[in-house]
Amino acid sequence: MPEAKDPGVQSAAGDPVVMPDDEVLYELADLFRVFGDSTRIKILYALHDNELCVQDIANAVQLSQSAVSHQLRVLKDTKLVRFHRDGKTVYYALDDDHVRSILSLGMDHIEE
């Protein structure tokens with residue numbers, strides 16, 4: 001767990017409020033910023049249970065290959081998707097179950 005600062009503030013219950021370092025909070029905000037784009041969400045959902053090439057993703061989300069490739073770069077940089085090559089074709093998938101869980105929890109929350 002990232003190191004936390006003790007600001008000396010107490011909750012209403014009298015427990016100290018412990019906050020993560022600002023750098024960690026900025027990284028978390030950046031992660032959620034990536035989830036804040038509907039195109040990237042569509043791509044992540046297309047990959048939820050599938051490993052797909054760029055053309056298949058583009059067909060699923062009804063965008064150009066160029067637009068999908070641009071968004072995949074952002075998703076790779078934030079470690080939300082992984083890829084592997086099979087000859088000339090590159091296949092993409094969600095990086096791990098954490099990404100799947102974030103998507104599922106978000107959907108559960110909005111469907112309440």
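Analyst: Two rings of Phe, Tyr or Trp (for Trp, the six-membered ring) pair up if their centres lie within 6.5 Å; planes under 30 degrees apart count as stacked, over 60 as edge-to-face, and the rest as tilted. By that rule, the structure holds two aromatic pairs. In one, the ring centres of Phe 32 and Phe 35 are 6.4 Å apart and the planes are at 45°. Before you ask: this is a predicted model, where local features need pLDDT of at least 70 and side-chain atom pairs count only at pLDDT 80 or more, while totals for chains, interfaces and linings use all residues. Numbering starts from 1 along each chain as its sequence is written, and side-chain values use heavy atoms, with hydrogens and water left out.

User: Why is the pair of Phe 32 and Phe 35 called tilted?

Analyst: The planes sit at 45°, so the pair is neither stacked nor edge-to-face and goes down as tilted. Both residues lie in helix H1, three residues apart, about one turn of the helix. (Helices are DSSP runs of H or I with at least four residues, strands are E runs of at least two, and both are numbered from the N terminus.)

User: What makes Phe 35 buried or exposed?

Analyst: Its relative accessibility (buried is under 20%, exposed over 50%, partly exposed in between, with a 1.4 Å probe and protein chains only). Phe 35 comes out at 12%, so Phe 35 is buried. Phe 32 is at 47%, so Phe 32 is partly exposed.

User: How do you know that Phe 83 and Tyr 92 pair, and why tilted?

Analyst: Their ring centres are 6.0 Å apart, within the pairing limit, and the planes are at 40°, so this pair is tilted too. Tyr 92 is buried at 8%, whereas Phe 83 is partly exposed at 44%.

User: What sits over the ring of Phe 83, and how do you know?

Analyst: The charged end of Lys 76, 4.8 Å from the ring centre. To count, NZ of Lys or CZ of Arg has to be within 6 Å of the centre and within 35 degrees of the ring normal.

User: What makes a set of residues the largest nonpolar core here?

Analyst: A nonpolar core is a set of buried Ala, Val, Leu, Ile, Met, Phe, Trp, Tyr and Cys residues joined through side-chain atoms within 4.5 Å. The largest one has 21 residues, and Leu 44, Ile 57 and Leu 72 have the most contacts inside it. Elements giving two or more residues are H1 (22-35), H2 (38-46), H3 (54-61), H4 (65-77), strand S5 (89-94) and H5 (97-110). H3 gives the most, with four residues. In soluble globular proteins, nonpolar side chains tend to be buried together.

User: Which residues does Leu 72 touch?

Analyst: Setting aside residues up to four places away in sequence, Leu 72 touches Ile 43, Val 54, Ile 57, Val 81 and Tyr 92. Contact here means heavy atoms within 4.5 Å.

User: Why is Gln 71 called buried?

Analyst: At 12% relative accessible area, Gln 71 falls under the buried limit, so the label holds. Gln 71 is in helix H4, and beyond its neighbours within four places it contacts Asp 37, Thr 39, Arg 40 and Ile 43.

User: How do you know that the side chains of Gln 71 and Arg 40 make a polar contact?

Analyst: The distance between them is 2.9 Å. A polar contact is a pair of N or O atoms within 3.5 Å; within protein, one must be able to donate a hydrogen and the other to accept it, and residues adjacent in sequence count only if both atoms are side-chain atoms. The Gln 71 to Arg 40 pair is inside that distance.

User: Why are Gln 62 and Lys 79 called exposed?

Analyst: Gln 62 is at 71%, over the exposed limit, so Gln 62 is exposed. Lys 79 gets there with 64%. Gln 62 lies in the loop between H3 and H4, with phi near 55°, positive in a residue other than glycine. Lys 79 lies in the loop between H4 and strand S4 (81-86), and has a positive phi of about 60° although it is not a glycine.

User: What is the mean pLDDT of the chain, and which element has the lowest?

Analyst: The mean is 91, and 92% of residues reach 70 or more. Where pLDDT is low, the predicted coordinates should not be read in detail.

Technical notes: pLDDT is the predictor's confidence in each residue, from 0 to 100.
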